[in-house]
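Please keep the sequence and the 3D view at hand while reading.

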Amino acid sequence: MSVRCAEENHHPLFNFPRMYDAYMACRRSKRNKPDALQFERNYEENLITLVEELRERRYQPSTSTLFYTDKPKLREIFAADFRDRIVHHLIYNELAPRWEPVFIHHSYACRPGKGTHAAALALQKFLRQATDNGKRPAHFLKLDMHNFFMTIDRRKLFDMLAQRCHDPDMLWLLQIVVFHDPTQNFELHDRENLRHRVPPHKSLFNTPPFCGLPIGNLTSQFFANIYLNTLDQFVKHELQCRFYLRYVDDLGLIDSDLDKLLAWQNQVTAFVDDRLAIKINARATRLGLVNGGIDFAGFIVRQDYLLVRRRVVGNLKVKLRQAERKLVRRTPQQLILRFHPETLETCLATVNSYLGHFQHAQTRRLVRKLWQEFPFLRHFFSLSASSHKLVRRDQPLRRKRVLKAQVQWLQRRFDGCGFPRRSLRNVLAALSKRRVPVMVTRQTGRERRQTQERLPAALVEYPPAMP
């Protein structure tokens with residue numbers, strides 16, 4: 001294997017070190033996926049095989065996974081196989097250094113150091129500059145592309161890529177990736193039958209020839225920046241708009257002159273129609289004073305503060321209700337809390353992800369209201385004041401390695417004493433009559449210094465008796 005690796009390393013682009021770097025970048029967020037785990041079982045041989053296919057021009061994309069999501073909006077997602085994602089990272093690693101110096105500074109999607117939070121902060125800074133810290137009025141124009149990813153002309157995209165890439169091997173690979181049609185080879189995952197709700201114009205199955213990029217791939221996001229870079233250059237250098245930024249296909253322009261913004265709107269509309277063969281979504285166009293706040297990049301942006309969009313909060317509440325249905329069962333006499341490990345870990349990761357997003361805005365009262373609206377969270381989690389994240393309330397128990405320490409922690413935490421499981425039915429019946437809360441623990445199967453690990457399994461509580 002080492003001899004083969006040494007031979008492959010002589011190729012300027014398709015060699016093992018570059019492929020390994022792409023593999024390491026790819027697995028950061030996909031390591032626990034089934035196709036990633038299967039690839040990792042023999043990753044060295046698989047990477048060498050992939051290098052050979054690229055060098056001999058035998059590479060063809062594998063079967064994609066087609067699934068649908070309705071959060072934050074209804075979308076059709078074609079997820080590439082893990083080995084194809086490695087190739088996507090290889091392309092990105094090669095092309096990004098060539099295109100980064102060309103992109104305008106205020107393009108915020110799929111770029112190092114950018115993102116939604118940076119876009120919102122940049123827009124807030126623009127508001128202060130355009131209004132001289134609120135001393136004069138300014139107007140904001142927000143534009144959105146209609147059905148953007150489905151209308152990208154792949155022929156135009158390939159011509160743009162070829163302008164800054166003259167390596168014949170990379171051009172061959174780009175042609176394979178850009179013109180690959182995932183609708184010809186896919187595996188459908190759609191338990192909720194969401195595909196029947198997708199509008200026809202939102203599906204790759206109904207796009208015109210040579211149009212449309214699959215949502216969900218790194219290359220699609222990167223190619224979108226390249227495709228709209230022409231528009232960025234037009235707005236910045238020909239229209240000379242000082243306060244302009246873009247996140248994916250959302251454009252923001254600010255100026256104190258309303259008539260100038262209206263003229264820019266017409267010029268941008270004509271430009272994207274003529275040069276890029278895409279349309280501006282007239283229904284999503286917003287034009288007005290900046291004083292009322294601007295809905296952009298997941299935030300309501302104002303000069304002095306940021307707010308989280310209602311839709312983002314609504315999505316979190318939906319997920320919390322789903323978790324509550326799995327963890328909580330209420331009866332007229334009892335409240336039963338199940339410590340379901342998978343649901344708890346999913347809920348913990350979800351809420352902490354949203355809390356991380358909330359930290360970039362003024363959300364203290366919002367978090368307090370969520371904590372009050374979903375009181376079940378208090379039984380399973382506590383909110384860390386230092387990190388502003390949820391932590392499992394049974395986390396200290398998971399570190400106890402001796403049975404005596406486990407029992408003592410449970411007694412302190414739930415203010416009671418224990419009894420064997422074989423007595424559970426009789427004891428529960430007796431305690432139920434007296435309305436005494438009961439905590440049930442379980443053995444996880446893992447050992448801690450020759451002692452079984454024990455964690456909460458269920459908590460039975462009783463609501464206060466009515467007077």
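The model is a predicted one. It holds 24 aromatic pairs. One of them joins Phe 78 and Phe 205, whose ring centres are 5.9 Å apart. On the surface, a patch of positive charge is also present.

**Aromatic pairs**

- The planes of Phe 78 and Phe 205 meet at 50°, so this pair is classed as tilted.
- Phe 78 belongs to strand E2 (residues 75-79), while Phe 205 sits in the loop between strand E4 (186-189) and helix H10 (218-238), so the pair ties together parts that are 127 residues apart in sequence.
- Phe 78 has a relative accessibility of 1% and therefore counts as buried.
- Phe 205, at 39% relative accessibility, counts as partly exposed.
- A cluster linked by ring pairs comprises Phe 16, Tyr 20, Tyr 23, Phe 39, Tyr 43 and Phe 82.

**Positive surface patch**

- The patch of positive charge is formed by Arg 364, Arg 365, Arg 368 and Lys 369.
- With 70% relative accessibility, Arg 364 counts as exposed, because the cut-off is over 50%.

**Leu 366 in helix H14**

- Helix H14 also contains Leu 366.
- Leu 366 has a relative accessible area of 22% and is therefore partly exposed.
- Between Leu 366 and Ser 432 there is a separation of 66 residues in sequence, and their C-alpha atoms are 37 Å apart in space.

Technical notes
Residues numbered from 1 in each chain as written. Predicted model: local features only at pLDDT ≥ 70, side-chain atom pairs only at ≥ 80, totals over all residues. Heavy atoms only, no water. Patch = residues over 30% accessible without salt bridge, like charges linked within 9 Å, V, L, I, M, F, W, Y side chains within 5 Å. Areas by Shrake-Rupley, 256 points an atom, 1.4 Å probe, with all protein chains shown as cover. Salt bridge = Lys/Arg side-chain N within 4 Å of Asp/Glu carboxyl O. Lys, Arg positive; Asp, Glu negative; His and termini not counted. Charge placed at Lys NZ, Arg CZ, Asp CG, Glu CD. Buried < 20%, exposed > 50% of the residue type's maximum accessible area, 1.4 Å probe, protein only. Phe/Tyr/Trp six-rings, centres within 6.5 Å; stacked < 30°, edge-to-face > 60°. Helix = DSSP H or I, 4+ residues; strand = E, 2+ residues; numbered from the N terminus.
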